[in-house]
Amino acid sequence: MSWTMSWTEVLGFATGALCVWLVARQHVANWPIGIANNVFFIVLFAQAGLYADAGLQIVFIALAAYGWWSWTHGGGPGSAEALPVRRTTRTEWAGLAAAGAVGVLALTLLLGRATDSTVPFWDALTTGLSLVATYGQCRKLVESWWLWIAADLVYIPLYAHKGLYLTSALYVGFLALCVVGLLGWRRTLPARDARTAAEATA
């Protein structure tokens, strides 16, 4: 592993850990930190032959811009309210599942036929899970944490297999932070549900 790649991995480790910690705390600064993390990982994954993950970082940058706006404007035109945490609806689950399945299938075929990837399915699976999880994070859907947990459980052995041991260790930390984030976001739901019920009966 070259000096440049080592430092890229270290910087990806640092910005990635800080980003997930900020997301768990619902701090809007996670978005610019996340964009920096994406840039480091574009270089790292391209050099490691994880082409879907490298391309995924570009999509993450676009989603980060959307998430940054959504968190600060409540997702509505002209709204100045912060976006609240909420549960995923059945319709949203159906849409996310369909988009994820189609994306994984298409990427598996593309990577298997058009690149020298040695792990086309696993690269595609983590990409699909990460995309739907990021969209859920942008909308503050509490179940997006479960999607991140599923992705991390695949990322950890995948990166170790590719020799990215520091990044694999980072994703062990991500996994722990995802559990913290899930519990933290879920704790905000009862209070919000109680306020909604009180307003409805007032």
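The text below takes the overall fold, then the cavity, then the surface.

This is a predicted model, in which local features need pLDDT of at least 70 and side-chain atom pairs count only at pLDDT 80 or more, while totals for chains, interfaces and linings use all residues. Residues are numbered from 1 along each chain as its sequence is written, and side-chain values use heavy atoms, with hydrogens and water left out.

**Fold.** The protein has seven helices and zero strands, where helices (H or I, at least four residues) and strands (E, at least two) are DSSP runs numbered from the N terminus. The order of elements from the N terminus is α-α-α-α-α-α-α. Of the 202 residues, 44% are buried; buried means under 20% relative accessible area, exposed over 50%, and partly exposed in between (1.4 Å probe, protein chains only).

**Cavity.** One cavity of 30 Å³ or more is counted. A cavity is a set of points, on a 1 Å grid over the protein atoms alone, where a 1.4 Å probe fits but cannot get out; lining residues have an atom within 4 Å of a point. The lining consists of 27 residues, and C19, N37, F60, Q137 and W148 lie nearest the centre. Two or more lining residues come from each of helix 1 (3-24), helix 2 (30-48), helix 3 (51-73), helix 5 (120-138), helix 6 (144-161) and helix 7 (165-201). Helix 2 gives the largest share, seven residues.

The lining divides by class as follows.

| Class | Lining residues of the largest cavity |
|---|---|
| Nonpolar (Ala, Val, Leu, Ile, Met, Phe, Trp, Tyr, Cys, Pro) | 16 residues |
| Polar (the others, Gly among them) | nine residues |

G34 counts as buried because its relative accessibility is 9%. Its C-alpha atom is 6.9 Å from that of T15, 19 residues away along the chain.

**Surface.** W7, V10, L11 and L166 make a nonpolar surface patch of about 320 Å². Accessible areas come from the Shrake-Rupley method with a 1.4 Å probe. Helix 1 gives the most to the patch, three residues. W7 lies in helix 1 and, at 43% relative accessibility, counts as partly exposed.

Methods. 1 Å grid on protein atoms, 1.4 Å probe; cavity = no way out; pocket = protein on both sides within 12 Å on 5 of 7 lines; lining within 4 Å. Points joined across faces, edges and corners; volume = space filled by probe spheres on them. Patch = residues over 30% accessible without salt bridge, like charges linked within 9 Å, V, L, I, M, F, W, Y side chains within 5 Å. Salt bridge = Lys/Arg side-chain N within 4 Å of Asp/Glu carboxyl O.
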